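Please look through the sequence and the model below before reading on.

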Amino acid sequence: MTESPGGSENVPSRDRRRFPGISSRSYEHPADRSALVALRKLSGFDTVFKTLSGLLPERSLRLLFLSDSVRVGEQQFAHLNDMLRDACYILDLEKVPPMYVNQDPQPNAMCIGLDEPIIVVTTGLVELLDEEEMRAVVGHEVGHALSGHAVYRTILLFLTNLAMKVAWIPLGNVAIMAIVTALREWFRKSELSADRAGLLVGQDLQASMRGLMKLAGGNHLHEMNVDAFLKQADEYESGGDLRDSVLKILNLLPRSHPFTTVRAAELKKWAASRDYQRIMDGHYPRRDEDKDTSVSDSFRDSAAHYADSVRNSKDPLMGLVRDIAGGAGDLGGKLRDTVFRGGSRPDSSDGANGSGGTKGSDGS
């Protein structure tokens with residue numbers, strides 16, 4: 001339970017549900033959760049990371065923020081301090097992480113640290129969001145802290161910087177970038193988890209939606225519409241052909257965060273789910289049960305999620321994967337139909353005497 005310096009219990013500024021002992025598993029995206037459960041179960045995992053911490057610039061980062069940013073507290077950015085304590089109270093995070101405001105016009109927030117998480121928000125973000133929108137962001141970062149994401153975020157920052165330093169060495173950053181790419185894929189899923197935590201803290205879906213729209217389009221809410229914004233996500237997911245599907249993947253690979261419209265659509269879908277309603281009704285996994293979590297169950301949930309994503313996706317590439325997995329009899333024909341839409345399909349009985357087009361499409 002979070003307490004104020006005077007020893008009195010700190011309560012939210014308006015009536016919000018609190019979740020005593022809540023486990024981060026209750027809001028974590030299946031792909032995020034399975035990765036974390038597997039890592040936590042590894043023997044010696046903590047020892048390895050404590051050893052690695054000597055190589056990482058965590059001390060330097062802490063000193064940098066302490067010396068060149070503003071630490072949130074009762075006398076500095078008091079409204080953010082209240083939000084932070086409220087978020088920790090609602091998610092039952094026992095120790096309130098230090099929080100800093102950093103001068104940067106780019107709206108951003110992060111939770112980093114190996115031994116203890118610290119939260120950093122930029123002035124651009126503080127100036128962009130209203131109180132309830134900011135509350136969701138603070139809850140988002142506290143969700144990262146509760147899930148233990150700060151460790152991996154710190155490693156991702158370190159490896160990204162290292163890759164840039166060794167880029168001049170032939171093949172020097174290939175292995176590092178492979179790890180960075182894998183971490184980015186995990187981190188994108190962790191952002192969806194933290195969005196859910198932000199909703200549990202703010203308990204205001206519209207504020208969460210507004211915040212995401214502002215991250216995409218700036219402080220022009222009078223020019224934006226939530227429904228139209230969500231239609232963009234649907235158009236992005238379902239539009240185009242196979243070439244667009246490949247371009248989507250290439251556009252996403254260098255990013256640590258999912259695209260904003262996709263985040264909004266994912267959060268709205270989760271808010272309407274039975275899982276969210278059960279949490280709000282007080283039925284959720286408890287932290288003291290984490291040690292009994294089954295790795296195989298978590299991987300099964302993750303696999304089921306990806307299978308469901310492929311099954312329900314409107315993306316052309318996922319449609320092709322779905323057809324093939326469903327037992328498309330003539331794989332070559334399926335690819336020909338996809339590539340040569342609207343054209344005549346060569347007769348497969350021609351065999352070696354077929355045209356060059358037939359051989360080319362079979363080869364693809």
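What share of the contacts in the chain with a separation of 6 or more comes from residues 24 or more positions apart? Such residues account for 72% of these contacts, where contact means heavy atoms within 4.5 Å.

This is a predicted model, in which local features need pLDDT of at least 70 and side-chain atom pairs count only at pLDDT 80 or more, while totals for chains, interfaces and linings use all residues. Residues are numbered from 1 along each chain as its sequence is written, and side-chain values use heavy atoms, with hydrogens and water left out.

The pLDDT, the predictor's confidence in each residue on a scale from 0 to 100, averages 75 over the chain, and 57% of the residues score at least 70.

Where pLDDT is low, the predicted coordinates should not be read in detail.

The chain has 17 helices and four strands, which are DSSP runs (helices H or I, at least four residues; strands E, at least two) numbered from the N terminus. Of its 364 residues, 43% count as buried, meaning under 20% relative accessible area with a 1.4 Å probe, protein chains only.

Helix α9 (residues 205–217) packs against helix α10 (residues 226–238) at an angle of about 65 degrees, with the axes 11 Å apart; these axes are lines fitted to C-alpha atoms over the stretch in contact, and angles run from 0 to 180 degrees between N-to-C directions. In this pair, Gln206, Met209, Leu212, Met213 and Ala216 of α9 meet Val226, Phe229 and Leu230 of α10.

Notes: Buried means under 20% relative accessible area, exposed over 50%, partly exposed in between (1.4 Å probe, protein chains only).
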